[in-house]
Amino acid sequence: MSEDRPGPTDPTGPSVPNRDPTLEALVAVAVRLAAADRMAPATGEPALRASAEAAAAVIRVSAASVALHDPATGRLVFRAAAGPKGSGVVGLSIAAHEGIAGYVFSTGQALAVVDVAADPRFERATAERTGYMPRSLLAVPLVDDAGTVGVMEFLDRRDGAPFDLVDMEVATRMAVATTAVARASSVDREAGQLLRTALAAIAAAGDGALGDAAVEALVGEVTDRLSTDDPLWRLADRIGRLRAADPDDIELVIDWLDALLARTERRTQARRRRP
């Protein structure tokens, strides 16, 4: 048994002789994914695409897209698109401070551009990669109380008219719903990042080089880094560690959570009663 593998009384969990470290990582990741899924069920990319399709239909544009910020790379990644000219952008990314989308993401301000070709912020190279060069553009931030998660863009009204204040108001309202969808879909994206990082570290360490305790520490460290503006993954990690806890300790945690929930419900009811 390697020195970093826990013994029978180690609080990180019982030792299993000769267990594959990759299997240990998969188990550790799976526990945290299950906890995160229970707390915030993921909706995935189809829901983002549906949001883009609804927005494109309401504002009647040639293309609408949703770009979400990836904290791991610092880039805006186009996750979904709609409209007859929208599909080419999915999968592309730009730096979070570049282009019109980067400006809207960084400032949190909606922006309508009548002539994108004349705007120095316009990312011509990205547009060329999509196969569609827009004339006009409307971009609104995807923002909520926790911060800005991305940008929603609309290209070219189908009637040829420039975007107006009514369009901006409608787009801003559509962005509210899309932001909620984006928050939920982050569970899917970050789950993949968690799995890739954990398995990559196992592979880099070499066969059998990481024991149970080291795997748990690694996965816990990754979950703490996944989201800087949402404590969901940190909470999922703590729940994951409870799988090896004493039953009495788990009951204590449940009692504490029940007390926290009761306090939250009282506060919610008090706010609702306020005039």
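**Notebook: the cavity and its surroundings**

The model is predicted, so I note the limits: local features need pLDDT of at least 70, side-chain atom pairs count only at pLDDT 80 or more, and totals for chains, interfaces and linings use all residues. Residues are numbered from 1 along each chain as its sequence is written, and side-chain values use heavy atoms, with hydrogens and water left out.

*Cavity.* A cavity here is a set of points on a 1 Å grid over the protein atoms alone where a 1.4 Å probe fits but cannot get out, and lining residues have an atom within 4 Å of a point. Grid points are joined across faces, edges and corners, and the volume is the space filled by probe spheres set on the points. My search of the whole structure gave 1 cavity of 30 Å³ or more. It is lined by 21 residues, and Phe 78, Val 89, Thr 126, Glu 153 and Leu 155 are the closest to its centre. I sorted the lining into 13 nonpolar, 5 polar and 3 charged residues, where Ala, Val, Leu, Ile, Met, Phe, Trp, Tyr, Cys and Pro count as nonpolar, Asp, Glu, Lys and Arg as charged, and the others, Gly among them, as polar. Strand 1 (61-70), helix 3 (99-107), helix 4 (124-130) and strand 6 (147-157) each give the lining at least two residues. Helices (H or I, at least four residues) and strands (E, at least two) are DSSP runs, numbered from the N terminus.

*Helix 3.* I found Gly 99, Ile 100, Ala 101, Gly 102, Val 104 and Phe 105 buried in helix 3; buried means under 20% relative accessible area with a 1.4 Å probe, protein chains only. Just after the helix, Gly 108 has a positive phi of about 75°.

*Asp 156.* This residue is in strand 6. Is Asp 156 buried or exposed? Asp 156 is buried, at a relative accessible area of 1%. Its side chain makes a polar contact (N or O atoms within 3.5 Å, one able to donate a hydrogen and the other to accept it; residues adjacent in sequence count only if both atoms are side-chain atoms) of 2.3 Å with the side chain of Tyr 132. The backbone nitrogen of Ser 136 lies 2.7 Å from a polar atom of the Asp 156 side chain.

*Strand 2.* I counted 6 of the 8 residues of strand 2 as buried. Strand 1 and strand 2 run antiparallel, joined by 7 bridges; strands pair if DSSP finds at least two bridges between them.

Conventions. 1 Å grid on protein atoms, 1.4 Å probe; cavity = no way out; pocket = protein on both sides within 12 Å on 5 of 7 lines; lining within 4 Å. Buried < 20%, exposed > 50% of the residue type's maximum accessible area, 1.4 Å probe, protein only.
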